[in-house]
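Hello,

Here is the structure I promised to pass on. Please have a look at it first, and then read my notes below.

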Amino acid sequence: MRVILGQSTKEAVEVVTSMVLERIISHPTSVIGLATGKTMEPVYAEIVKDALKAKTFFDKAFFFMLDEYVGLKDDHPSSFKTYIKTKLIDPLKLHESQFAFPPVHLVSSGSAGEHYEQLIKEAGGIDLQLLGIGINGHIGFNEPGSLKESRTRIVELTPETKEANKRHFGEGLMPDKALSMGIGSILDAKHLVLLATGKSKADAIKYVLNHHDDPSCPATFLKSHPYFTLVLDPDAASKISLKI
Ligand code: GLP
């Protein structure tokens with residue numbers, strides 16, 4: 001695991017942005033896995049700004065979304081599909097056909113997870129997977145208790161996760177379930193980059209750095225990946241001591 005400590009949130013965001021842009025510039029047909037959440041918002045804003053300025057083209061790249069709520073309409077303002085459409089697809093004039101979204105419409109048939117895994121396989125796997133982290137150490141929507149071998153599946157959201165995300169929904173309308181790539185699916189990506197910013201992530205980051213393969217904090221599973229980069233801002237790193 002490589003840990004990069006930004007001197008500011010802006011610097012941490014720039015590190016992650018550069019990793020994505022460098023990958024696309026050097027390998028235009030890359031397959032990139034995208035995460036959502038507040039943490040990633042400045043990353044997408046920076047990618048859009050830099051890509052438009054430098055005329056970096058994303059037209060040969062393909063993208064997989066990490067997770068999606070179950071039970072929302074595609075165009076729900078708080079769906080992850082709407083999130084990425086407004087933050088990346090529309091500003092860069094990308095085509096929706098360059099994106100794969102967890103197939104929540106297949107949930108009732110029971111084949112949603114298997115279908116998504118097959119799509120990832122057919123795309124040749126994910127080259128670079130962006131990740132955030134939940135305050136309880138979840139990755140995507142792999143909540144505590146998730147297995148290292150887990151694949152794309154329906155997951156029940158924990159009370160902490162629902163509390164952290166309920167601001168995006170009306171009273172009592174927060175979904176209970178999501179379709180999420182599993183830990184095993186994430187670990188199959190060739191490179192993993194996790195960005196954590198803000199004080200609310202400091203405890204989870206401390207836990208990750210001090211534990212291995214601990215199902216109570218799914219992010220600890222990522223440490224066994226040969227190319228895992230953890231990018232932190234000063235607040236997220238405020239409870240750890242990094243020896244130089
Ligand atoms: C969300 C998403 C994750 C995200 C995490 C942190 O619920 N499913 O992919 O990394 O929780 O979100 P935020 O960046 O808003 O703190």
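Which N or O atom is 2.6 Å from an oxygen atom of the ligand? The atom belongs to the side chain of lysine 201.

Before the rest, some background: this is a predicted model, where local features need pLDDT of at least 70, side-chain atom pairs count only at pLDDT 80 or more, and totals for chains, interfaces and linings use all residues. Residues are numbered from 1 along each chain as its sequence is written, and side-chain values use heavy atoms, with hydrogens and water left out.

**Around the ligand**

The ligand is surrounded by 13 residues (a heavy atom within 4 Å of it), and the closest are Lys38, Thr39, Asp67, His138 and Lys201. Lysine 38 places a backbone N or O atom 2.8 Å from an oxygen atom of the ligand. For aspartate 67, a polar side-chain atom lies 2.8 Å from a nitrogen atom of the ligand.

**Helix packing**

Helices here are DSSP runs (H or I, at least four residues), numbered from the N terminus. Helix H1 (residues 9–26) and helix H2 (residues 41–54) have axes, lines fitted to C-alpha atoms over the stretch in contact, that come within 9 Å and cross at roughly 55°. In their contact (heavy atoms within 4.5 Å), the H1 residues include Val13 and Leu21, and the H2 residues include Pro42 and Ala51. The residues of this contact divide into 8 nonpolar (Ala, Val, Leu, Ile, Met, Phe, Trp, Tyr, Cys and Pro), 1 polar (the others, Gly among them) and 3 charged (Asp, Glu, Lys and Arg).

H2 also packs with helix H3 (residues 80–89), at an angle of about 35° and with the axes 9 Å apart.

Best wishes

Note on methods: Axes are lines fitted to C-alpha atoms, for helices over the stretch in contact, and angles run from 0 to 180 degrees between N-to-C directions. Helices (H or I, at least four residues) and strands (E, at least two) are DSSP runs, numbered from the N terminus. A polar contact is a pair of N or O atoms within 3.5 Å; within protein, one must be able to donate a hydrogen and the other to accept it, and residues adjacent in sequence count only if both atoms are side-chain atoms.
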